[in-house]
Amino acid sequence: MKNEIVRIELTPLYVPFRPEIRQAMESGAGGLGMAIGAEEAWLGGDFVICKLICDDDTTGLGESFVWLPETGISPDQIISTIKGCLAKYVLGESPFNVERIQQRFDANITRNEVAKGLLDKACYDLMGKITGRPACHFMGGQTVSEIPLAALIPLTDTETMVRLAEVFHKVGYQAFRLKLGKGVKEDREIVESFRDALGSDVALRVDYNQAYEPPEAVRAIKAIEPFGIDFAEQPVNADDYLGMAYVQKRVDTPLMAHEGCFSVRDFVTLVELGAVGVLGLNSERPGGVTNAIKVLNYAELRGIGAVLHNQPLGIASAMHIHLAAARPHNFWYETELFGYVMFEDDLIKDPIDYSDGKAKLPRGPGWGVELDEEALAKYATGPTTVIKK
Ligand SMILES: [Mg+2]
């Protein structure tokens, strides 16, 4: 056996949100709950599950969340990009050669970070499965075994938002992300009510989902700064880098780009423009674990803290926890992993332990989680694409 990747399997799937989350999404401001201004309500998640299979049948798993208003790419596009373009740089390779695979991806196909990252993530699970070690051993080692979490509070009426935050606070959450973007005055009232109810000890971050033009974003952030905000996420349009820089230069709160940051180069550009003060990472951005490590090293050298924020299923949740367990010094802000609250299924057999507001590192080789094949078949939206060497 050469530990060579000989087969790639890609399955598109859609997992609905739990009924109470769907209701919150539909009833939130503008019917958007916590989403960006797309015409269709956000009621579930599209994903692609990737299996990389070696010559001895060892299998590594990757998972990518896809949402067209954010990622600009559909599950079918990811699958066809891998089948038509990226697969040949993976098949016949060792999963340990992530740098070489990445170099060949980038030399031959520009952009497409979500598709490239999906394959890269599965390599880390494979490395762990082949060696019998947890995946975090290939990300810098295991430093901690549990990760403090932040709760996500959708944009709805103030009373509901505060009540929801109190529920999470009671079970151990000490950090909260509030969705804002209703208007300068309304946003301020929400944050003030939140502080009145939960006090000054809890950490607070806000996410505007591109709600404002730059001058209004400055007014909105300045209005809530007296209440103590760790960082403010994506106040202006995703591709308005100059607008982000305009806002960042006029407020004290560090900004984080979410919809506007998809690649290592995006983040470097935003930092060099003075447009952000926090690195936001999720399972799709900036494209796999290898790129995440690169961008974390860059942020560290620039004195910038990072946050993991996403709503993945079980596989990508485990990936987040391994990354945070290996490099807790990078993650100044509590991790947001909200998939287990939002989706009706996480597609893994044994659930990850999220008790007391902390995610526990799954035990076992690779990600330490096992794919639930029945759930995969149940939620699949199309046939599995199989690509062989
Ligand atoms: Mg966001």
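Predicted model: local features only at pLDDT ≥ 70, side-chain atom pairs only at ≥ 80, totals over all residues.

Trainee: Where does glutamine 210 sit?

Mentor: In the loop between E7 and H8.

Trainee: Which way is the bond from arginine 285 to proline 286, cis or trans?

Mentor: Cis, with omega near 10°. Proline 286 lies in the loop between strand E10 (278–281) and helix H11 (288–301).

Trainee: Switching to serine 145. What does it touch?

Mentor: Leaving out residues up to four places away in sequence, Ala325, Lys360 and Leu361. Serine 145 is in the loop between H5 and strand E4 (146–148). It is partly exposed, with 13 other C-beta atoms within 10 Å. Its C-alpha is 9.0 Å from that of alanine 326, 181 residues away along the chain.

Trainee: Now the core. Which residues touch the most other members?

Mentor: Cys50, Leu178 and Ile315, in a largest nonpolar core of 124 residues. Domain 1 (5–132 + 373–388) and domain 2 (146–360) both contribute residues, so the core lies between them.

Trainee: What does isoleucine 315 touch?

Mentor: Its contacts beyond four places in sequence include Leu61, Leu347, Trp367 and Leu371. Glu63 is also one of them.

Trainee: Which residues of helix H3 are buried?

Mentor: Pro75, Ile78, Ile79, Ile82 and Leu86, in a helix that runs 75–86. They cover an arc of only 110° around the axis, so they are on the same side of H3.

Trainee: What do they pack against?

Mentor: Strands E1 (5–16), E2 (44–54), E3 (59–66) and E14 (385–388), plus helices H4 (98–108) and H5 (113–131).

Trainee: Zoom out. How many helices and strands?

Mentor: 14 helices and 14 strands. The radius of gyration is 20 Å, close to the 21 Å the globule rule gives for 389 residues, so the chain is as compact as a globular protein of that length.

Trainee: How much of the chain is buried?

Mentor: 53% of the 389 residues. Of contacts with a separation of 6 or more, 75% join residues 24 or more positions apart.

Technical notes:
Residues numbered from 1 in each chain as written. Core = buried A, V, L, I, M, F, W, Y, C linked by C-beta atoms within 7 Å. Buried ≥ 20, exposed ≤ 12 C-beta atoms within 10 Å, placed from the backbone. Domains from an automatic or database assignment. Contact = placed C-beta atoms within 7 Å. Helix = DSSP H or I, 4+ residues; strand = E, 2+ residues; numbered from the N terminus. Arc of directions from axis to C-beta. Rg over C-alpha atoms; globule rule 2.2 N^0.38 Å.
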